[in-house]
Amino acid sequence: MTSELDIFVGNTTLIDEDVYRLWLDGYSVTDAVALRVRSGILEQTGATAAVLQSDTMDHYRTFHMLERLLHLLHQLIFQIPPSRLTVYPFWMGLTQPSESPARPRQTPFPLFYGGYYAFDEAFVREVLGKKLSKGTKKDLDDISTKTGITLKSCRRQFDNFKRVFKVVEEMRGSLVDNIQQHFLLSDRLARDYAAIVFFANNRFETGKKKLQYLSFGDFAFCAELMIQNWTLGAVGEAPTDPDSQMDDMDMDLDKEFLQDLKELKVLVADKDLLDLHKSLVCTALRGKLGVFSEMEANFKNLSRGLVNVAAKLTHNKDVRDLFVDLVEKFVEPCRSDHWPLSDVRFFLNQYSASVHSLDGFRHQALWDRYMGTLRGCLLRLYHD
């Protein structure tokens, strides 16, 4: 009896980008071969089905051996050509990132690390803000069914989120820089991971029905604003005692700032200030808003909503419900009155700026820090 063996000997690790994508997406060897046959590769290369099966299996074995090294990042075991480490990934036959709206990439990024740590927006939208724990991992079967993403790919993406979180949670300095340097990710992908880590750490609610219209990009935009303005890292604070257990600079919201936000309550609690604020805004916007009458009638309710959101951020539950509150207190009322986005922008700009003309208000810097971020978030959340 004779046995046939397929043997491959080589020094340089060869990577087929299309097969790598199929492996990342969780397809079995059998399914990957079928998809490659459908792509016309047999006709293009003149190969037989047996050779294609062997080639696919060989790539899958290589990827399986490489996977643990992708967690280590800096490895010398596999010699991978630079052209395969820093190139545009050929996402399922797409030769330029601009051709794929789902995966916009403006600059080259490490194919292996960037490809391995890439994620599907449909998946991240399901787990965003949830604790990266075994409890959430048990839901991956349901998420896979709901999104149509293979369970293997869901597990890879979840494990990547958790791995990045664990590595950077105790680090000082810029969250984006730490992720980029330790995982060799592009700037855009590192910023996306920073948003995922930030949301997981602060447990922001994103799953409520009224928030379903928002994309991951919407939340990531707001996360970046909050990291830049509402965290300890935003004000450059550092512990005087090097051994002190200070909260992580970019991952935790500045608790002192959140406590101080209660001082803004005077803007709606003091009737004279509230009336003057309304008068200043209405005078500036008269004749400039298509919804001026609606704005004038609802000004006090809108102002109370925005200020009360700030005053409640001392409680963890209210921090978690931040986006729910913003949609309920501002987005939905404006949308019900059919405010165009341009009018929302005019209003928020004037609403924020006119506070500086209130002689009795003494928390201008605190107001600017709060509303500067909130204004950007509200404009992103508002889809007219």
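Because the model is predicted, local features need pLDDT of at least 70 and side-chain atom pairs count only at pLDDT 80 or more, while totals for chains, interfaces and linings use all residues. Residues are numbered from 1 along each chain as its sequence is written, and side-chain values use heavy atoms, with hydrogens and water left out.

**Overall fold**

The protein chain holds 21 helices and two strands. Both are DSSP runs numbered from the N terminus: helices are H or I with at least four residues, strands are E with at least two. Of its 384 residues, 47% count as buried. Buried means under 20% relative accessible area, exposed over 50%, and partly exposed in between, with a 1.4 Å probe and protein chains only. The chain exposes about 19,400 Å², and carbon and sulfur atoms supply 51% of that area. Accessible areas come from the Shrake-Rupley method with a 1.4 Å probe; for residues, only the protein chains shown count as cover. Among contacts between residues at least 6 apart in sequence, 70% join residues at least 24 apart. A contact means heavy atoms within 4.5 Å.

In soluble globular proteins, nonpolar side chains tend to be buried together. The largest nonpolar core here has 105 residues, and M295, F347 and Y370 have the most contacts inside it. Helix α12 (residues 187–202) gives the most to this core, with ten residues. Such a core is a set of buried Ala, Val, Leu, Ile, Met, Phe, Trp, Tyr and Cys residues joined through side-chain atoms within 4.5 Å. Not counting residues up to four places away in sequence, M295 touches V281, C282, L285, L289, W339 and F347.

**Helices α17 and α21**

Helix α17 (residues 292–311) packs against helix α21 (residues 364–381) at an angle of about 115°, with the axes 12 Å apart. On the α17 side the contact is made by L306, V307, V309 and A310, and on the α21 side by W367, Y370, L374 and L378. By class, this contact has eight nonpolar, no polar and no charged residues. Ala, Val, Leu, Ile, Met, Phe, Trp, Tyr, Cys and Pro count as nonpolar, Asp, Glu, Lys and Arg as charged, and the others, Gly among them, as polar. The axes are lines fitted to C-alpha atoms, for helices over the stretch in contact, and angles run from 0 to 180 degrees between N-to-C directions.

**Buried leucines**

L326 is found in helix α19 and counts as buried at 1% relative accessibility. Leaving aside neighbours within four places in sequence, L326 is in contact with V309, V331, L374, L378 and L381. Two of these, L374 and L378, belong to the α21 side of the contact with α17.

L358 sits in the loop between α20 and α21 and is buried, also at 1% relative accessibility. With residues up to four places away in sequence not counted, L358 touches L267, L273, L276, H277, L280 and Q364.

L22 lies in helix α1 (residues 17–24) and is buried at 4% relative accessibility. The table gives C-alpha distances for one pair that includes each leucine.

| Pair | Separation in sequence | C-alpha to C-alpha distance |
|---|---|---|
| L326 and V309 | 17 residues | 7.5 Å |
| L358 and L276 | 82 residues | 7.4 Å |
| L22 and S153 | 131 residues | 9.9 Å |

**Positive phi in loops**

R203 is not a glycine, yet its phi is positive, near 55°. R203 is in the loop between α12 and α13 (216–229) and counts as partly exposed, at 38% relative accessibility. H338, also not a glycine, has a positive phi of about 60°. H338 is in the loop between α19 (322–336) and α20 (341–353) and is exposed, with a relative accessible area of 66%.
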